[in-house]
Amino acid sequence: MQAEVKTDVPKELLLLREHIDQIDEELLSALVRRFTVTAQVGELKAQHDLESVDPQRELEKHQRLQQMAQTKGLDSKFVQVLFQYIFDEVVKNHRNIRQAREKT
């Protein structure tokens, strides 16, 4: 099923959508940068036989993010859920790094 294409979309809406697309690209680029750094963290944790999860660090991050969200007028619950998903992905990546390291 194909969506109908409207040709009478206001120019302002098209410009706003273009701006949203640019922001989405920036968000994805920021995630790439974040996961690049957290991969380095995972390597160090594996080298030093440290746990993939640091509950104290995670708690501190959540508290800081909640404060920042409130300061910026964002829903702190949304930010918490979003970052928990990111944290879970980081932990999964750290565990994969450790397993790959143990196989060699």
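Start by selecting residues 11-47, helix α1, and residues 76-103, helix α3. In this predicted model, the two helices pack at an angle of about 45 degrees, and their axes are 9 Å apart. That angle makes α1 oblique to α3. The crossing of α1 and α3 is right-handed.

Next, show the side chains where the helices meet. On α1, select Leu31, Arg34, Phe35, Thr38, Ala39, Val41, Gly42, Glu43, Lys45, Ala46 and Gln47. On α3, select Phe83, Ile86, Phe87, Glu89, Val90, Asn93, His94, Ile97, Arg98 and Arg101. Now colour this contact by class.

The structure holds one aromatic pair, and Phe83 and Phe87 form it. Their ring centres lie 6.1 Å apart, with 55 degrees between the planes. This pair is tilted.

Keep Phe87 selected. Is Phe87 buried or exposed? Phe87 has a relative accessible area of 8%, so it is buried; the cut-off for buried is under 20%.

Last stop: select Ser76, also found in helix α3. Ser76 has 19% relative accessibility, so it counts as buried under that cut-off too.

Note on methods:
Residues numbered from 1 in each chain as written. Predicted model: local features only at pLDDT ≥ 70, side-chain atom pairs only at ≥ 80, totals over all residues. Heavy atoms only, no water. Axes fitted to C-alpha atoms, helices over the stretch in contact; angles between N-to-C directions. Helix = DSSP H or I, 4+ residues; strand = E, 2+ residues; numbered from the N terminus. Parallel < 35°, antiparallel > 145°, perpendicular 65-115°, else oblique. Left-handed = near helix turned anticlockwise from the far one by under 90°. Contact = heavy atoms within 4.5 Å. Phe/Tyr/Trp six-rings, centres within 6.5 Å; stacked < 30°, edge-to-face > 60°. Buried < 20%, exposed > 50% of the residue type's maximum accessible area, 1.4 Å probe, protein only.
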